[in-house]
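Work through the exercises below with the sequence and model at hand. Each task is followed by its solution.

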Amino acid sequence: MVPQLRKRITLPALTLIAAAVLSACGGGGAGTSAPNAVPTGASAQTALVEGPVSGFGSTIVNGVRFDDSRASISDDDGNPRSLADLRLGAMVRIQGSADDSAGRGSANSVTLMPSLRGKVESVSTGANTLVVLGQTVHVDATTVFDGTTGLAAIAAGDAVEVHGLLASDGSFNATLIKKFSTQPATFVLRAVIRGVDAGQRTLSVGALVVDYSKATITPNGAQPQAGQLIAVRASAPPAGGVLVADRIRIRSVRDDFSITSGFVEFKGIIDAAPDANGKTTISGIPVDVTGARIEGGGSLVAGQRVEVKGVESNGVIQAARIRLEGVRAAQIGGRNELYGVIANFASASSFKVNGVTVDASQAVFEHGTASNLADGVYVEIKGNTQTGANGTVLVATRVEFKAAPGTNDNDNQGAGARELYGAVENFTAPASFTVNGTKVDGSNAKFEDGLASDLRNGVYVEVKGSINGDVLVATEIEFKASRGSPAPGPAPAPGPAPSVASGKALYNAIPGSAASCATCHGVDPTANVSKVLNGANDPGEIADAIAKNKGGMGALKGLLTAAQLGDIAAYLASPNSAPPAPTPPPAPTPTPPPAPTPPPAPPPPPPGPSAQNGKLLYNAIPGSAVSCATCHTSTPANNVAKVLNGANDPNRIASAIAGNAGGMGVLNGKLTAAQLQDIAAYLATPNI
């Protein structure tokens, strides 16, 4: 058994850039048409989100981290529950507010929404399936198990609760299977009606017959019809394949997803490819994808797992964005994420964060090493759940220490720690203001990127500290001007206004550098490759990225003045307003690195991949002004932008080039399959 008990620890989102071949120079896919009018931007909006829990340290669903510290928790019958009842993979419905661009939210309510609860009728370990209440449940590598070590430890007659995504054939793709030691008090079924016998007052749902003759049906006056989504409750198990329902709720998009403003978002499985009018259903929910931006590229086909964001209109979700499964995982380094304090530390391969068992033995570490792991240390973890002999474990791909080991920073604060991220409100003094509704006392805090005198209403801050009663006593306050708040500190001395035209020229060609912004982000910033527009209209954010060598941007260190950074930021703030400029002279042919001087063409590789040849190609690709080293630096062992994470697979490199991940499309057609194998071989052994 792997318990997943929660601690109420809320932490700020940290922008993590890219996994293998998805670097700070790259990101998600692009759509083919204008998105629907869903409000976006760096401000909180009303939000209604349904999907499986993917992480803790706040409750993380569909890539949004919801502060759950003030949320009411219940099941979908309205019975009170607690945060301790939440598990990775649990299907939930969150109502509250969210900042779409920041991926942060605040939950007013969290509702648990299991798909099935009942006795197991059969198990097939060969097919990775089980049957519960007449419904087939598919198990895969993403399924989390709680109360049992895996499918092999489940037998017919066991009582289980299944959370999952509904497929077009009525089966479920399980995200969580929880095993009970005793028979449940209520039996649950959330599915699509396949047939109705109004005379007998029965429904067919998969292999199960539901008798609704004695059931209370809501909404009042509604009658079951084939194709409807329903939620069934019963107080006794099925007998002879018939479940006698106590209550049936008929779900509808208009009732379940209608909100007056903001956006709705849910995760599901595409039932069929969109028709000629852009209409489809996703886990039984009608969706119009006509104006949707597709993140992950390609066409929408039946069976794909997707996250749908949009607005409800006339009983249909008008999608503005559809994110394919795996896009966010590639961006952050895994499907799951945890933010919190280490507990129960035994070794790098066995400890807990927010009650989740973690194996970090193969992880990449930031701001420390595996030797710095210990109880009480604050960490941020990305990875993927895996089920083995000892149950479900989160296998970490990345562990980031919240402070460099041995420093006096207050990131490692212990189990009482809290963090807030938002705008200052109700400010009266540094000792009295609120952030996201939480009272803050910053009278003894350490300040970063500003002073106590810079605190005022509307300023975006990140606050770290510990709770004393209902007040967060801050130990550290960092100003976050890049989210649109006024930059703190004294007003700058008057100087020339930023020049959009100059910024455009610098974006495309930086004096003294063979590479430019356009090298990785493309010559058209409005395409927003690697989210170049998201916050980059702040010169401080560009400078920070250069200083931290994000995506290899450290190559520009010392080459741009503060005024030039201001010009580039001004251009990115309004890229379509730059006046037409004279045709720029051809960019100077970059001088290849002085050593080693690559031969005009790599020598024919010996049979099989050649790591040596891959090293040459990594640093200089024939026929291309840029190379892998342009963005990832000439020392891949430093793992800049995670170049080593999975990039020893030539197919993955080829896919990144084909999808123009991080502007890698400039290499399209420049490398043969054999050369891609050589580069992959080098990245597998970068220290040769």
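Predicted model: local features only at pLDDT ≥ 70, side-chain atom pairs only at ≥ 80, totals over all residues.

A polar contact is a pair of N or O atoms within 3.5 Å; within protein, one must be able to donate a hydrogen and the other to accept it, and residues adjacent in sequence count only if both atoms are side-chain atoms. Residues are numbered from 1 along each chain as its sequence is written, and side-chain values use heavy atoms, with hydrogens and water left out.

**Exercise 1.** Describe the surroundings of aspartate 256.

Step 1. Aspartate 256 lies in helix 1, residues 253-257 (helices are DSSP runs of H or I, at least four residues, numbered from the N terminus).

Step 2. Its relative accessibility is 6%, so aspartate 256 counts as buried (under 20% relative accessible area, 1.4 Å probe, protein chains only).

Step 3. Beyond four places in sequence, aspartate 256 is in contact (heavy atoms within 4.5 Å) with Leu48, Arg93, Arg249 and Arg251.

Step 4. The side chains of aspartate 256 and arginine 251 form a polar contact of 2.5 Å.

Step 5. Leucine 48 is 208 residues away along the chain, with a C-alpha separation of 9.3 Å from aspartate 256.

**Exercise 2.** Which helices do the buried residues of helix 7 pack against?

Step 1. In helix 7 (residues 611-619), the buried residues are Ala611, Asn613, Gly614, Leu617, Tyr618 and Asn619.

Step 2. These residues pack against helix 8 (628-632) and helix 10 (673-684).

Notes: Helix = DSSP H or I, 4+ residues; strand = E, 2+ residues; numbered from the N terminus. Buried < 20%, exposed > 50% of the residue type's maximum accessible area, 1.4 Å probe, protein only.
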